[in-house]
Protein chains: 2
Amino acid sequence: MYYEAAEGLARESLEKLQTERLKRTIATCLRSPFYSGRLGALGLTPDDFNSPADIRKLPFTTKDDLRANYPYGLLCQPMDHYVRLHASSGTTGTPTAIFYTQNDLDSWAGLVARCMYAVGLRKGDVFQNMSGYGLFTGGLGIHYGAERLGLLTVPAGAGNSKRQLKLLRDFHVSGVHIIPSYALHFASFLKEEGVDPRSLNWRIALIGAEPHTEEARQRIQDLLGLKAFNSYGMTEMNGPGVAFECEKQAGMHVWEDAYIAEIINPETGEPAAEGEMGELVMTTLCRDGMPILRYRTRDLTRFIPGACACGRTHRRIDRITGRADDMLIIKGCNIYPMQIEQALMSMPEVAQNYLIELFKEGEMDQLRVKVEIKDEFFVEDMRALTGLQKKIAARLRDEILVTPRVELVQHDSIPKGEGKAVRVVDLRAKQ
Amino acid sequence: MYYEAAEGLARESLEKLQTERLKRTIATCLRSPFYSGRLGALGLTPDDFNSPADIRKLPFTTKDDLRANYPYGLLCQPMDHYVRLHASSGTTGTPTAIFYTQNDLDSWAGLVARCMYAVGLRKGDVFQNMSGYGLFTGGLGIHYGAERLGLLTVPAGAGNSKRQLKLLRDFHVSGVHIIPSYALHFASFLKEEGVDPRSLNWRIALIGAEPHTEEARQRIQDLLGLKAFNSYGMTEMNGPGVAFECEKQAGMHVWEDAYIAEIINPETGEPAAEGEMGELVMTTLCRDGMPILRYRTRDLTRFIPGACACGRTHRRIDRITGRADDMLIIKGCNIYPMQIEQALMSMPEVAQNYLIELFKEGEMDQLRVKVEIKDEFFVEDMRALTGLQKKIAARLRDEILVTPRVELVQHDSIPKGEGKAVRVVDLRAKQ
């Protein structure tokens with residue numbers, strides 16, 4: 001029924017397991033310069049942690065903590081125990097880096113394999129990893145999980161749609177890993193090539209790395225003719241494989257035998273009420289190289305109340321609706337880019353891509369949304385176009401309480417890179 | 001002393017091991033559609049193979065055989081036993097694909113780890129993989145080997161020199177994997193940035209994927225301030241890890257417990273005399289997913305006679321001097337691009353890059369070589385430049401017996417991609 005027995009543990013047993021692993025994690029943390037200092041100052045030892053809720057005795061760890069202790073400050077093992085590192089990709093500013101022991105890689109691959117099993121992939125399936133490799137954890141993370149599950153793994157990497165298509169066909173690929181924005185781009189490519197996506201053998205797509213709306217998922221499913229499953233992860237918590245939808249597509253199960261998840265009010269740091277939105281805070285329970293305690297992910301979500309029909313007992317989080325730090329404030333309104341995507345993707349006239357631009361008009365911050373329109377609606381009839389423009393602006397205003405400028409552009413005219421899509425451009429500083 | 005005891009086996013024991021593994025390989029091959037037909041027709045069974053030399057009873061396998069039996073014709077196991085495939089990257093023509101079981105991946109990683117140990121890398125070293133990942137076996141192949149050996153592996157991927165440099169510095173990287181043409185490009189980059197390569201912590205570079213001359217190696221060593229080791233492999237034989245230099249830098253040991261290597265006369269198919277140049281023919285001994293018998297690599301080399309000072313008993317091949325199929329015939333002379341590189345790289349005026357162009361003048365095939373010249377020699381003195389041009393043309397004529405047109409170009413003016421360098425451009429069809 002499950003890939004691992006831990007997935008169906010009664011809550012009580014699960015919490016007992018979490019407590020044991022939390023104690024062990026605290027003991028490991030005391031070996032790192034950063035945590036030994038911080039926990040030492042508070043006089044905290046493993047004995048202070050006798051239930052998952054005791055985690056609140058710990059202070060939060062932030063991205064700034066990781067930066068300030070770059071690169072080695074959080075390491076708990078001798079240097080020659082590490083076999084991998086992933087680093088944030090910037091070339092300016094202080095980066096962050098996560099170090100993995102062989103045990104960490106094994107446990108990470110196991111978690112990803114569980115995710116892939118949960119969406120219905122099995123030994124015998126052919127799996128094409130259409131995401132970039134290298135320092136981006138999405139590539140190697142999913143790759144190792146796929147091999148662990150025993151899938152025939154095609155390490156296609158990012159881009160080169162023609163070759164992707166050839167591989168999909170030649171090897172009767174049944175599952176893929178693809179970034180949502182590239183999935184939409186690939187749908188356009190198939191259309192141009194005159195390929196019916198339903199003629200392909202694929203039935204499952206894992207989509208992650210970019211937060212996206214339920215509307216975007218529906219569109220990907222419709223356009224590609226497969227089931228798309230939402231995946232959640234971040235490098236600080238290994239990479240992909242932190243939380244994943246099961247076949248019910250009703251929220252993402254957090255692997256609670258490997259992590260303690262909390263939802264807090266980002267202003268006060270206090271726990272959010274059950275089912276309420278807040279910031280996700282994560283603690284690793286199975287990492288011996290570089291455990292991290294109460295990490296402020298900045299990602300906004302909530303626990304979905306109740307049990308999942310799949311039978312897994314691990315709690316589910318809702319799709320990420322934004323990041324605590326990418327909230328835009330325009331004319332006093334708090335706006336998350338995901339709200340804009342949601343509104344756009346629910347409109348049949350809108351094609352695959354959009355771009356949010358912030359600019360200044362006099363002293364006022366203004367919002368412009370460039371929206372790609374499907375060819376059949378991009379007609380030489382000014383009245384029709386103006387009508388559509390107004391309709392989109394009104395739909396967005398209903399959602400975000402501000403009326404943005406709307407610019408209609410032709411399908412496929414917004415530049416599309418191979419990595420994560422850029423959805424927001426801030427022009428204010430340059431003006 | 002060695003990473004594995006097999007590396008020091010007496011020849012007699014090694015040949016006994018080869019014979020056992022050859023028998024097992026033949027038995028495995030009889031399960032594939034392609035080999036069961038071919039061996040069946042000849043009435044060959046494992047009992048016919050009682051020494052490595054008995055391999056000559058077998059017909060050769062060629063690239064065309066792989067194409068004709070694409071994709072599944074050489075597979076020996078049920079489909080759900082495979083966990084990886086690598087395919088040639090073309091989008092036109094029939095590609096080739098190699099399938100790996102988990103055992104195959106494990107044994108491949110072990111072979112690569114042995115190579116890395118042989119050049120002096122050890123647990124505790126930090127290793128940056130500066131080669132592309134994905135379907136190219138050089139990326140994942142070296143990556144898995146590095147983790148197997150217990151190196152702290154930085155999956156940097158190809159390109160982005162600024163970021164490469166930051167990673168090299170931040171993590172005190174001691175070893176890298178880099179394509180020779182990118183190594184030369186990276187040397188220019190360091191010079192532009194004003195970085196003394198000897199200020200970096202690196203001491204070892206693995207260079208492979210592109211055949212290159214001893215002169216190019218010397219240049220890479222001088223420019224980067226490290227030891228560069230030649231690596232040989234090809235996807236049909238797993239990828240990297242087939243043959244590798246040891247610390248003596250005196251030819252590449254073929255891992256003869258995992259492969260049987262032959263050198264043949266490419267015209268007659270008969271064994272070349274000991275120490276004579278010919279085409280390398282390879283047989284896998286440790287692959288259960290897709291073993292390949294007597295594969296015509298098209299690569300030209302020779303066995304280096306005598307024993308290596310390192311004590312390893314596995315025979316050494318000389319660096320690849322060209323491919324049987326990239327020989328150019330100009331004015332009746334057989335010319336290998338490697339001869340041109342060798343001549344150019346021995347001249348102090350020549351910078352990092354060159355390009356060979358074939359074109360037609362009337363009915364005659366002509367050869368043009370564009371040569372990048374170091375800044376200090378690229379002066380505004382026509383007489384000096386003409387003199388240099390003549391000097392290079394004469395040096396090349398001595399080597400290849402044909403006088404090419406020589407065009408001097410500025411340092412870094414020949415376009416450089418991120419993958420394997422394009423060294424020969426054939427303009428004749430387009431004229």
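Guide: Two strands pair if DSSP finds at least two bridges between them. Strands (E, at least two residues) and helices (H or I, at least four) are DSSP runs, numbered from the N terminus. The model is predicted: local features need pLDDT of at least 70, side-chain atom pairs count only at pLDDT 80 or more, and totals for chains, interfaces and linings use all residues. Residues are numbered from 1 along each chain as its sequence is written, chains are lettered from A and ligands numbered from 1 in the order written, and side-chain values use heavy atoms, without hydrogens and water.

Visitor: Over how many bridges do β12(B) and β15(B) pair?

Guide: Both strands belong to an open sheet of 4 strands, ordered β10-β11-β12-β15 in chain B. Strand β12(B) covers residues 295-301. The β12(B)-β15(B) pairing is antiparallel, over 2 bridges.

Visitor: At what angle do helices α6(B) and α7(B) pack?

Guide: Helix α6(B) covers residues 161-170, and α7(B) covers 180-193. Axes are lines fitted to C-alpha atoms over the stretch in contact, with angles from 0 to 180 degrees between N-to-C directions. The two helices are roughly perpendicular (65 to 115 degrees). Their axes lie 11 Å apart, and the angle is about 80°.

Visitor: How many charged residues are in the contact of α6(B) with α7(B)?

Guide: Contact means heavy atoms within 4.5 Å. Among the residues involved are Lys162(B) and Leu165(B) of α6(B), and Phe186(B) and Glu193(B) of α7(B). Asp, Glu, Lys and Arg count as charged; Ala, Val, Leu, Ile, Met, Phe, Trp, Tyr, Cys and Pro as nonpolar; the others, Gly among them, as polar. The contact has 6 nonpolar and 3 polar residues, and the charged ones number 2.

Visitor: Is Ala97(B) buried or exposed?

Guide: Ala97(B) lies in strand β2(B), residues 97-101. Beyond four places in sequence, it touches Phe171(A), Tyr70(B), His86(B), Ala87(B) and Met290(B). Buried means under 20% relative accessible area, exposed over 50%, partly exposed in between (1.4 Å probe, protein chains only). At 6%, Ala97(B) is buried.

Visitor: How many disulfides are there over all chains?

Guide: A disulfide is a pair of cysteine sulfur atoms within 2.5 Å. The sulfur of Cys310(A) is 3.6 Å from its closest cysteine sulfur, in Cys308(A), so the two are too far apart for a bond. For Cys29(B), the nearest, that of Cys76(B), is 5.2 Å away. Over all chains, the disulfide count is 0.

Methods: Parallel < 35°, antiparallel > 145°, perpendicular 65-115°, else oblique.
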